Amino acid sequence: MRHNPFKNLTGHEWALYITSFLVVLASGFFSGSESILSTVASLIGVTALIFVAKGDVYGQVFTIVFSVLYGIVSLRFKYYGELITYVGMSAPAAFVTLISWLKHPYRDTDEVEVSHLTPKKLAVVLLLSTAVTVAFYFILGALNTANLIVSTLSVFTSFAACMLLIMRLPYYAIVYSANDIVLIVLWVLASVKDVQYIPMVLCFVMFLANDLYGFYNWHVMKKRQRANG
């Protein structure tokens, strides 16, 4: 692993990262001092996403940190689904993904080797994601989770995306994009009641932009890796 992963960002990746960073930072500034934790979590989140979009193992390191901070923010608003999903699932999944990516580098680089989607892999993702989501629906309902249906949908998309990342598949970005849309709705509902959560809304707006770029870039990576053998 490199000591400074930022050196590998291209010009347009720097543009996307800086834009994401400034949008989140500005939203935190205008939301007031109470949104500091939300802002910090969001800044780490967009940092994680730009490296995940590159298939860089550092993306998983930042994801672990983001998951913990995001879980704390979610707890404050009683979004127990988000708390359990990110602290209990996304953080451990990011650790497993980190190990998987370290074991499957593309040649001698920090870029992960892109894998193939097979019917078996798709079936495993769908079956496990559905089972986990059904279980979480009842668990979150028992905890009186705010906006239960949206929170449950977030569990499905988050779990499926985590599995696709572990499998090193580009389609993680499409599922995470769907999850971003769900979370934008979730935090808009929270922001209506308390403006300190506006940074989380803009965080996931920028997440959506980064995930869409990730889907494009992973296909570029896959095509290049196949061409080079």
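On a 1 Å grid over the protein atoms alone, a cavity is a set of points where a 1.4 Å probe fits but cannot get out, and its lining residues have an atom within 4 Å of a point. Grid points are joined across faces, edges and corners, and a volume is the space filled by probe spheres set on the points. The model examined here is predicted; local features need pLDDT of at least 70, side-chain atom pairs count only at pLDDT 80 or more, and totals for chains, interfaces and linings use all residues. Residues are numbered from 1 along each chain as its sequence is written, and side-chain values use heavy atoms, with hydrogens and water left out.

Confidence is expressed as pLDDT, the predictor's confidence in each residue, from 0 to 100. The protein has a mean pLDDT of 87, and 96% of its residues reach 70 or more. Helices (H or I, at least four residues) are DSSP runs, numbered from the N terminus. Where pLDDT is low, the predicted coordinates should not be read in detail.

A search of the whole structure finds 1 cavity of 30 Å³ or more. The largest cavity holds about 220 Å³ of space. Its lining comprises 21 residues, and those nearest its centre are Leu49, Thr63, Tyr86, Leu165 and Tyr176. Two or more lining residues come from each of α2, α3 (58-76), α4, α6, α7 and α8, and α4 gives the most, with 5 residues. For the classes, Ala, Val, Leu, Ile, Met, Phe, Trp, Tyr, Cys and Pro count as nonpolar, Asp, Glu, Lys and Arg as charged, and the others, Gly among them, as polar. On this basis the lining of the largest cavity has 13 nonpolar, 6 polar and 2 charged residues.

A pocket, by contrast, is an open set of grid points with protein on both sides within 12 Å along at least five of seven lines. The largest pocket contains about 170 Å³ of space. Of the 13 residues that line this pocket, Asn8, Lys54, Glu111, Met221 and Arg224 are the closest to its centre. The lining of the largest pocket divides into 6 charged, 4 polar and 3 nonpolar residues.

The packing of the interior was described through nonpolar cores, each a set of buried Ala, Val, Leu, Ile, Met, Phe, Trp, Tyr and Cys residues joined through side-chain atoms within 4.5 Å. Buried means under 20% relative accessible area, exposed over 50%, and partly exposed in between (1.4 Å probe, protein chains only). The largest nonpolar core has 31 residues, of which Ile50, Trp101, Val125, Leu165, Tyr172, Tyr176 and Trp218 touch the most other members. At least two residues of this core are supplied by each of α1 (11-31), α2 (36-53), α4 (80-103), α6 (148-166), α7 (172-193) and α8 (198-228). The greatest share comes from α6, with 7 residues. Another core, of 25 residues, lies apart from it and includes Leu43, Leu186, Trp187 and Ala190.

Contacts (heavy atoms within 4.5 Å) were examined for individual residues. Leaving out residues up to four places away in sequence, Tyr176 touches Ser158, Ala161, Cys162, Leu165 and Asp211. Met200, in helix α8, is buried, with a relative accessible area of 0%. Beyond its neighbours within four places in sequence, Met200 is in contact with Ser38, Ser42, Tyr70, Val73 and Trp187. The C-alpha atoms of Met200 and Lys222 are separated by 32 Å, the two residues being 22 apart along the chain.

Two residues of helix α7 were also considered. Ile184 lies in this helix and is buried, with a relative accessible area of 18%. Not counting residues up to four places away in sequence, Ile184 touches Val201, Phe204 and Val205. The C-alpha atoms of Ile184 and Leu202, 18 residues apart along the chain, are separated by 7.8 Å. Val188 also has its place in helix α7, but is partly exposed, with a relative accessible area of 37%. Between Val188 and Phe204, 16 residues apart along the chain, the C-alpha separation is 10 Å.

Ile72, in helix α3, is partly exposed at a relative accessible area of 38%. Its C-alpha atom is separated by 33 Å from that of Pro105, 33 residues away along the chain. In the loop between α6 and α7, Arg168 has a positive phi of about 65° although it is not a glycine. Arg168 is buried, with a relative accessible area of 12%.
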